[in-house]
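Please look over the structure shown below.

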Amino acid sequence: MIKIINCKTEAGVGAVAANVMADVIKGKPSAVIGLATGSSPLTMYAELVKKYESGELSFENVTSVNLDEYAGLSADHDQSYSYFMHKNLFNHINIKEENVNLPNGLAKDFAEECKRYDAVIEAAGGVDIQLLGIGNNGHIGFNEPADYFPKGTSLIDLTDSTIDANSRFFASRDLVPTQALSMGIGTIMSAKKIVMVVIGKGKADIIEAALFGKVTPEVPASILQFYKGDIVVCLDEDALSVIKAKHPEAVTEI
Ligand code: F6R
């Protein structure tokens, strides 16, 4: 079931999404949590850090698997997703470094790296809760619009719109990597629970198309309509505006 929650503000999105993830970890202290980068999860990560600091939540036995990493960036590059995760979450909680997993952007053989990453997720027992954002073009992870849904981890050519969107973090557009390693849609769909965070006016049309439009690999997030488990979609008022106008009955107010 897809639950669409009006969290009103960016802070509200962080608070609701952090509670969803915290409940999974409290219920299973050795949970495998699937994580995302980007702007949308920042308030949620801040809330998770608060929960750790207050003693409400421990990550001691948690394993993390991130959705994606840029091909060609080392883990300590300040725009790598490994760096982002350490800066915004891992450095502030008690997760063990050996339990942290991301694709290796500097792998010599990307095909082998994709296999390795899928094997890591499988050996961990699959993902208990997967955090997702959504790209302006409907991507989840770095699974870009395509003519198929990738099953496992793949090397993806980033589209111009994604390179444009991500260039805000780099000194210039030509420094943005053009490829990334991304967890597959099949793996995302196998997660036991999904929490999605969506913020800002710029996402209002695409999230409505993804959750209510045609299911097509041209809008990768639309596959979530076929997800069997529970998805909690946390949006601020801006991101929710189109859904609220067209499908007010689908929105849960809190
Ligand atoms: C990041 C990821 C992407 C982002 C998406 C939205 O790990 O998997 O799918 O979730 O690009 O990014 P923001 O939140 O920056 O708008």
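How many salt bridges does the count come to?

## Salt bridges

The count comes to 12 salt bridges, a salt bridge being a side-chain nitrogen of Lys or Arg within 4 Å of a carboxyl oxygen of Asp or Glu. One of them joins K26 to E56, with the closest N and O atoms 2.7 Å apart. K26 lies in helix 1 (residues 10-27) and E56 in the loop between helix 2 (42-53) and strand 3 (63-66), so this pair ties together parts that are 30 residues apart in sequence. Helices (H or I, at least four residues) and strands (E, at least two) are DSSP runs, numbered from the N terminus.

## Basis of the values

This is a predicted model, in which local features need pLDDT of at least 70 and side-chain atom pairs count only at pLDDT 80 or more, while totals for chains, interfaces and linings use all residues. Residues are numbered from 1 along each chain as its sequence is written, and side-chain values use heavy atoms, with hydrogens and water left out.

## Ligand surroundings

The ligand is surrounded by 14 residues, each with a heavy atom within 4 Å of the ligand. The closest are S40, D68, H139, G141 and K203.

Polar contacts are pairs of N or O atoms within 3.5 Å. A polar side-chain atom of H139 lies 2.7 Å from an oxygen atom of the ligand. For T37, a polar side-chain atom is 2.8 Å from a ligand oxygen atom, and for S39 a backbone N or O atom is 2.8 Å from a ligand oxygen atom.

Terms used:
A polar contact is a pair of N or O atoms within 3.5 Å; within protein, one must be able to donate a hydrogen and the other to accept it, and residues adjacent in sequence count only if both atoms are side-chain atoms.
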